[in-house]
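Dear colleague,

Please find the structure below for your records.

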Amino acid sequence: MAMRMDDLGAGGGGCLGREKVGGVELLRLLTWLSPSFPIGAFAYSHGLEQAIHEGLIHDRESLRLWLEDLVSLGSGWNDAVLLAEAWRAARAQDSAALRALAELAEALAGGRERHMETMLQGEAFLRAAAPWTGVAEPAPLASPLAVGETAARAGLPLEAVLLACLHAFAANLLQGAVRLVPLGQSDALAILSALEAPLLAASARAACSTLEDLGSSTFLSDLMTLRHEALHSRVFRS
C-alpha cells in the first residue's frame, strides 16, 4: 500500500476527518519520535530479552507475531489508547483528566521494570522536549501521556502521532531483538514491511478509542517482563 507523508494525519479511520500533517508539525513529529531523541529507549526490551532467553522468540516469524500482538492486543495498544486520551485532555485543557490518566497509566504498568520503562522514558521525553515546550522541570508522566500531551499542545494531529509512536515502539524492540536472536537486517526489514498494515490499523482504531477500549491479552509478554527482573545476565533494563 503506497502512502505519502502528507497523507499521515488524524482520522485515517474516518472518525476525525482528514487533517494533514506537514511543515513544522511533520518536522517536530519526526524529531520527537526519532531513535536519536534522547529518551533511552534503546536500553529497554519490554520483556523480549527474557522471551528470547526462553526460546519463545527464535526466528523472524515468531518475532513478527510477538510485535504485532503487542501493537494490536497488548501493551502497545494500551499505550496508544492512553496517548489518545492524554491528547484529548490536553486539547481540552482538562488538568483533572490528565491527573487521573497519570494514575491510571502507572497502575497499568505491570511490574517494576515495566513501570520504570514507561516512567523514565516519559520523564526523559519531557526534558528533551523542553526547547519546544519551555518546561525545564516537568512533572513525571508515563511515556504515552508525555507524548500525547506534548503533541496536543504543539497542535500535532492525533492519528499521525499515534502512528509515529507505535512505529517507534515496534522499531525499537525490533532492533533489540535483531541483536539477541540474532537476525539479519533483511529479516528486520521484512518484519517492518509486514507490520505496516497492523500499525496503520492500530493507530486508526486508537484515534477513535476511549478508556473503555483498554485491555491486553498478551499475558506471555507481561510474564516475560516479570521474569526478566530475575535474569542474571542481561543486556537490557527490561
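Arg-114 counts as buried, because its relative accessibility is 8% and the limit for buried is under 20%. Please note that the model is a predicted one. The partner of Arg-114 in a salt bridge is Asp-222, with 3.4 Å between the closest N and O atoms. This pair links distant parts of the chain, since Asp-222 belongs to helix α11 (residues 219-228) and Arg-114 to helix α6 (residues 112-128), 108 residues apart. Asp-222 is partly exposed, at 29% relative accessibility.

A search of the whole structure returned 10 salt bridges. Shared partners join Glu-61, Arg-64 and Glu-68 into one network. Arg-64 bridges to Glu-61 at 2.6 Å between the closest N and O atoms, and to Glu-68 at 2.8 Å, N to O. Within helix α3, Glu-61 lies 3 residues from Arg-64, and Glu-68 lies 4 residues from Arg-64; each spacing is about one turn of the helix. Arg-64 is buried, with a relative accessible area of 19%, whereas Glu-61 is partly exposed at 41% and Glu-68 is partly exposed at 23%.

Helix α3 (residues 60-73) also packs against helix α10 (residues 185-207): their axes come within 9 Å and cross at roughly 15°. The two helices are therefore roughly parallel to each other, and the crossing is right-handed. Among the residues making the contact are Arg-64 and Glu-68 of α3, and Asp-187 and Arg-205 of α10. The contact residues divide into 10 nonpolar, 1 polar and 5 charged.

Yours sincerely

Definitions and conventions. Residues are numbered from 1 along each chain as its sequence is written. This is a predicted model: local features need pLDDT of at least 70, side-chain atom pairs count only at pLDDT 80 or more; totals for chains, interfaces and linings use all residues. Side-chain values use heavy atoms; hydrogens and water are left out. Axes are lines fitted to C-alpha atoms, for helices over the stretch in contact, and angles run from 0 to 180 degrees between N-to-C directions. Angles under 35 degrees count as roughly parallel, over 145 as roughly antiparallel, 65 to 115 as roughly perpendicular and the rest as oblique. A crossing is left-handed if the near helix is turned anticlockwise from the far one by less than a right angle, and right-handed if clockwise. Contact means heavy atoms within 4.5 Å. Ala, Val, Leu, Ile, Met, Phe, Trp, Tyr, Cys and Pro count as nonpolar, Asp, Glu, Lys and Arg as charged, and the others, Gly among them, as polar. A salt bridge is a side-chain nitrogen of Lys or Arg within 4 Å of a carboxyl oxygen of Asp or Glu. Buried means under 20% relative accessible area, exposed over 50%, partly exposed in between (1.4 Å probe, protein chains only).
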